[in-house]
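Dear colleague,

I am handing over the structure we spoke about, and I would be glad if you could look through it alongside the notes that follow.

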2 protein chains.
Amino acid sequence: MTLTPQNGRIGVVGAYSTKYEARSQKETHEMIREAVEGALKSVEKGISPQEIDLIIVSNYSDSFGGLLHTAPLVASYIGNLNATGFRVENACAAGTTAVYLAHKLLSAGFFKNALIVGFEKMSTVGTSAKSNEILMRTSAPEEYKVGAPFLSLYALIAREYMNRYGAKEEDLALVAVKNHENATRNPLAQFQKKITVEDVLKSPYISPPLKLFDASPLSDGAVALLMSSEPKKYTDTPVYISGIAMKHDYSGVYQRKDMSAIEAARQAAQEAYKMSGYGPEKIDLFEVHDAFTIAEIILYEMLGLAQRGEGYKLIRDGVTAFTGSKPVNPSGGLKAKGHPIGATGVGMVAEVYWQLRGEAGARQVKDAERGLVENHGGTGATSVVIVFER
Amino acid sequence: MTLTPQNGRIGVVGAYSTKYEARSQKETHEMIREAVEGALKSVEKGISPQEIDLIIVSNYSDSFGGLLHTAPLVASYIGNLNATGFRVENACAAGTTAVYLAHKLLSAGFFKNALIVGFEKMSTVGTSAKSNEILMRTSAPEEYKVGAPFLSLYALIAREYMNRYGAKEEDLALVAVKNHENATRNPLAQFQKKITVEDVLKSPYISPPLKLFDASPLSDGAVALLMSSEPKKYTDTPVYISGIAMKHDYSGVYQRKDMSAIEAARQAAQEAYKMSGYGPEKIDLFEVHDAFTIAEIILYEMLGLAQRGEGYKLIRDGVTAFTGSKPVNPSGGLKAKGHPIGATGVGMVAEVYWQLRGEAGARQVKDAERGLVENHGGTGATSVVIVFER
């Protein structure tokens, strides 16, 4: 159903992100604390911890960080045990699931101010084999059983898309090149190094047609947001949620009608656009879930930036470059900013918040008034789309 | 804040539980599927999967069962991808956190019918050392660091309570004896064997004053519930939620004002009683979180069944026995029915549902009209209290 806010618009009024890193020197709880304290301090007119009545934590796996029952931990850190709290998980869409729920619970008037905390410390798992097993827990049981991790499933999706529409491995490489270049302007990004199409094409296949440089990395990171149903109380320039939707598809890629689409994202975008009253033509920047390069190209189509089967032409033509007419992932995206799973969606929202407030520094998209976040779980069995305006 | 339902009362209209076992022969996803299909079939007037618009899954750790992103998996199983879904975690209170959120989201009118699924397959972790490490992730980081698992923290709580109020190890043993006896009447219970006070006192210390028989077991189990804002559409005898609250305390036991209390449960009970309009004197049965025997005794006091410091007298006097005036844990409780963490709170609600409908078989509490669930996370940093009436 479409949500009609009952108590005015919900706004983001504060945000903080740790740098995303391959291996944070901080312990998981220290990363959480840094993000929470940073978000509180970022609120211009100030917010007392006692004004926060809702805490939602986002974390993918407790094996990545070694913490459970983190909502009361956050409540303990801010010294307000009267807030109501819990953790949510929806694979890689955990972060925006938290924002989605906060939006519903604030809109209904149950709570006034929500603290959202996303984190993942993937480096706590020693080996990539073990990390891969934890990532595979998101696959449908039938896919898990045949040993298909994310990357193999995304490879299936890529192969199907490329066969059908004529996209080339070079097109996928262009996404990686663009997002790495964008990340050089983002001090929070894990990678700070430009790469070339040749670098991508020469990187080893991890599951053909996908290569190492088509994939986002394992990351450590924590992000916190403050959302309010009375945003003007906390800042003169809140960033409002004007549309939000969560949609699902079959867990198994093999079960889906069209393996080369991310149907949940298409549906979520349609609903979020309808709720906001405008479409992609009015939106100035997009932060989307490029866990693998192929996902960003398909998302151009799902979000209505390109016709079906023509998404790869946008990256060829530079439309989605930082200097293009529709910048996608000016932050560097999951690909180059990093992908600390539970933090990822929260971090995308933080990025749009800073962009719409003109606080994005070297990566600032000029005159950005509206922004969109698309964050999905696994290969797209959950997608959350949020439209923001200042 | 106290919730005022906007669309009439929310009712439970269906429930199913697998048997709780030390080691289920089914795989995790098969256990989930059994619970979901059983709950759907249990709805007297029938419910179509297409009528379910909200799915909330409860699971403690993805290491116990090996599955993540389970809401779209459940949506795939029921063949309704239009439902909105996510997983919640609040340590051992995950199950009632799911019920709490469903109650809020249904009350606000965002959704009409919720499917709640709780599961845990603890036997997927091979060793008790590894299981213990996963359980410790709920402890505050400072407590984790000194290697304090649940049982040591509960031992601290027990020692403090016994020193202060004069309860004896025999009193704790009486809780285990009662709950084991109750479980013999429950075909879903993991243990089906009566034990004596002597059995408990002779069992080995795991963390003095607590012995092996003071502790709930590791369990496999899955439970599903259907909740509706139009309950009469699905059954003539729904069980209504008349009061519900979630409260928190400091993550660390060492940080709490009174280590011998479970303060979050006291506050949650007060709020739930206030919302329902009546107190413990009007309630016919109680399912409470006896992860360790000491917890049940302290909860007698937190829930207002006994004065502070006098809870242990209730177990001595048989007040909370199956045949007593205030039966507590007629199901056998976590102690003897079992404790598959993510399923536990959902299973407590299922038990009260069956009791208030007169469907509890040999363990039926006569003329039960009102029931209460108290489910807490860890050593009580989260507590959810729900009051039900038929």
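How many residue pairs are in polar contact between chain B and chain A, counting those where both are at pLDDT 80 or more? Please keep in mind that this is a predicted model; in it, the count between the two chains comes to 26 such residue pairs. On the side of chain B that touches chain A, at least two residues each come from helix 2 (70–78), strand 3 (84–89), helix 3 (94–107), helix 5 (141–145) and strand 8 (239–248) of chain B, and the residues of that side divide into 25 nonpolar, 20 polar and eight charged.

As for the extent of the interface, the contact draws 53 residues from chain B and 53 residues from chain A, and together the chains bury about 4700 Å², with 58% of that area on carbon and sulfur atoms. Of the area that chain B buries against chain A, 16% is supplied by B:H69, B:F110 and B:R137, which is more than any other three residues supply.

Six salt bridges are counted between chain B and chain A; one of the salt bridges is formed by B:E27 with A:K145, where the closest N and O atoms are 3.2 Å apart.

Finally, the two chains are also joined through their strands: strand 3 (residues 84–89) of chain A runs antiparallel to strand 3 of chain B, with three bridges between them, and within this pairing A:R87 stands opposite B:E89.

How values were computed
Residues are numbered from 1 along each chain as its sequence is written. Chains are lettered from A and ligands numbered from 1 in the order in which they are written. This is a predicted model: local features need pLDDT of at least 70, side-chain atom pairs count only at pLDDT 80 or more; totals for chains, interfaces and linings use all residues. Side-chain values use heavy atoms; hydrogens and water are left out. Contact means heavy atoms within 4.5 Å. Buried area is the accessible area (1.4 Å probe) that two parts lose on being put together, summed over both. A salt bridge is a side-chain nitrogen of Lys or Arg within 4 Å of a carboxyl oxygen of Asp or Glu. A polar contact is a pair of N or O atoms within 3.5 Å; within protein, one must be able to donate a hydrogen and the other to accept it, and residues adjacent in sequence count only if both atoms are side-chain atoms. Helices (H or I, at least four residues) and strands (E, at least two) are DSSP runs, numbered from the N terminus. Ala, Val, Leu, Ile, Met, Phe, Trp, Tyr, Cys and Pro count as nonpolar, Asp, Glu, Lys and Arg as charged, and the others, Gly among them, as polar. Two strands pair if DSSP finds at least two bridges between them.
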